[in-house]
Amino acid sequence: MSRKLVTFRRIITTGAVNFVRNTWLAIAAIAVMVVTLTIVLFSLITNATFTNTIKQITSKIDVSVYLKDTTNKEQTDQLLADLKKLPNVQSVKYISKDEILQKYLSENAKNQKLAGAVTQTDNPLPATIQIKPRDLNKLEDIKDYLSQAKIADLQSDQPSYSGDRKEAIDKITHATNILQRAGVGAVLVFAVISVLIIFNTIQMAIFNRRDELTIMRLLGASTWYIRGPFVVESILYGVISAVISVGFIHSLFVAARSTLEATSLGLLDINYAAEYFRGHFWTLLALQLLVGILIGAASSIVATQRYLKFKVHR
Amino acid sequence: MILLDRVSKKYGRVATPALDRISLHVEPKEFVIVVGQSGAGKSTLLKLLTREERQSSGKIIVGGIDYDKLKDKEIPLLRRKIGVVFQDFKLLPNRTVFENIAFALEIVGMGNREIHHTVPKVLDIVNLKGKEKRMPMELSGGERQRVAIARAIVRQPKILIADEPTGNLDPKHAWDVISVLEKINRYGTTVLLTTHNQEIVNKLQRRVVTIQHGQIVSDRAKASYKL
């Protein structure tokens, strides 16, 4: 076996042996890493769940265009085709006068007075085009298009995106924008804090053993022969912490399913969160492992650097 | 083997230098005893030789290596050529006696079989057979000292530096240690020993270099202790 291979094997085994011998240090470091990694994972899942909730709310928002009874089929088809070409239009749906009436009657089946106010022969409800927008922030584009004189002529009333409804839609859009940004911001903040805490923990662990580092240095060990085992040890912390944190979240969802009657906690849709976690299980585990390994390795490299320097002062 | 030419060492902004223009020449296979009160500069001298500290001025050449031309990367290689017995042992606390000694061989890339062959021999020399699996914490001061010596000699270095290796030992064990040093010296290793022990100096009848206030005040062959 070549010397390099012997040395490499030794670095790995020494790291593993050190890990076992420094049990309490390992437990302390892993505990801190588990807590921080779990917080990051939790904030990731929460963010995804909120994003989904927001999507569900905003998907219910559309712009309705009410057509005059005089508008003929040709004009309607032309308008539908033109609307589809608008960049912010995801889809359009035409609902005829009859369909609108049926919908109205079935919605108000229990209220005879309201149902009776509208009859088949004298149908006051207009044929409607429902426009699903791509981006709620750009509804003005669609509104501007609809208010062109030529197209406004075809309409019996202002489109639904106006007046009080416009105000309500704008408020929802604004709120969801803030929520989404806050979600991403929270994930980033938690991630940065976690990195700093893990970094500090590993620095402390190595600070505790700085004598070992200086002794090895004095005996003539090379930089990587000294540092290697510490990096291996820190990577082990990272791997174990990542697995524990993913396992912890998993058992939390299992427990929630069997004990909680409700499917959501306030705004947090637990069902979706559990589904998201299950659907992305391997990705999330890989992500946690990657973060744990990278932070473990990077912080142990930086932390050992200080004790491996040679005196330069004369 | 060891050449110091007007070497001085100042620490930080302290006015008086720890070593003041010291010149010393040690031949290969020589056995030199360095004496001097604490604070005289003995430890600084040893730290300069292992390149734990850098000299402020002057020239140091050990085994043909000029310390001024030494790159950081080459310092570990230099240290592997010098065996050092530190005053405070400097044993690795998380490793057994065997592993502590084996470490000196691991860092030069020696294979496991050879290590398992070599370490027991050295343990025998320092009388530590049967304590291979002990941790440093479980050993007495004298035993730790002998582990430190075993680690320093296991690579059969050309130069052995021993800083007060008898400091913590009773007279019998102190003589055991000295006889190990003499044995290694007979095999061809240059030995540099610092000590306070008057009796040892007198009995050894070797070259004695006396340091006082950072300067060499006497350098005598086959000498006895005198301050």
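Is Gln205(B) buried or exposed, judged by the other C-beta atoms within 10 Å? Gln205(B) is exposed, with 12 such atoms; a residue is buried if 20 or more other C-beta atoms lie within 10 Å of its own, exposed if 12 or fewer and partly exposed in between, with C-beta atoms placed from the backbone.

The structure shown is a predicted model, in which local features need pLDDT of at least 70 and side-chain atom pairs count only at pLDDT 80 or more, while totals for chains, interfaces and linings use all residues. Residues are numbered from 1 along each chain as its sequence is written, and chains are lettered from A and ligands numbered from 1 in the order in which they are written.

**Figure 1. Two loop residues of chain B with positive phi.** Gln205(B) has a phi of about 55° although it is not a glycine. This residue belongs to the loop between helix H7 (198-204) and strand S9 (207-212) of chain B; helices (H or I, at least four residues) and strands (E, at least two) are DSSP runs numbered from the N terminus. Gln156(B), likewise not a glycine, has a positive phi near 50°. Its loop connects helix H5 (141-153) and S7 of chain B. Gln156(B) counts as partly exposed, with 13 C-beta neighbours inside 10 Å.

**Figure 2. Strand S8 of chain B and its partners.** Five of the five residues of S8(B) (residues 190-194) are buried, so the strand is largely enclosed by the rest of the structure. Thr190(B), Leu192(B) and Thr194(B) point one way from the strand, and Val191(B) and Leu193(B) point the other way. Strand S3 (residues 31-35) of chain B runs parallel to S8(B) and is joined to it by four bridges; strands pair if DSSP finds at least two bridges between them. Within this pairing, Phe31(B) stands opposite Val191(B). Strand S7 (residues 159-163) of chain B also pairs with S8(B) in the parallel sense, over five bridges. There, Asp163(B) has Thr194(B) as its bridge partner. From S7(B) the chain passes through helix H6 (residues 171-186) to S8(B) in a right-handed β-α-β crossover, meaning that, with the strands pointing away from the viewer, the path from the first strand over the helix to the second runs clockwise.

**Figure 3. The contact between chains A and B.** The contact takes 19 residues from chain A and 21 residues from chain B, where two residues are in contact if their C-beta atoms, placed from the backbone, lie within 7 Å. On the side of chain A that touches chain B, helix H1 (3-21) and helix H9 (210-218) each supply at least two residues. H1(A) gives the most, with six residues.

**Figure 4. The setting of the views in each chain.** Chain B contains seven helices and 10 strands. Its radius of gyration, 17 Å, is close to the 17 Å that the globule rule gives for 227 residues, so chain B is as compact as a globular protein of that length. The radius is taken over C-alpha atoms, and the rule is 2.2 Å times the number of residues to the power 0.38. Chain A holds 12 helices and five strands. Its radius of gyration is 31 Å, well over the 20 Å that the rule gives for 314 residues, so chain A is more spread out than a compact globule. Buried residues make up 42% of chain B and 26% of chain A.
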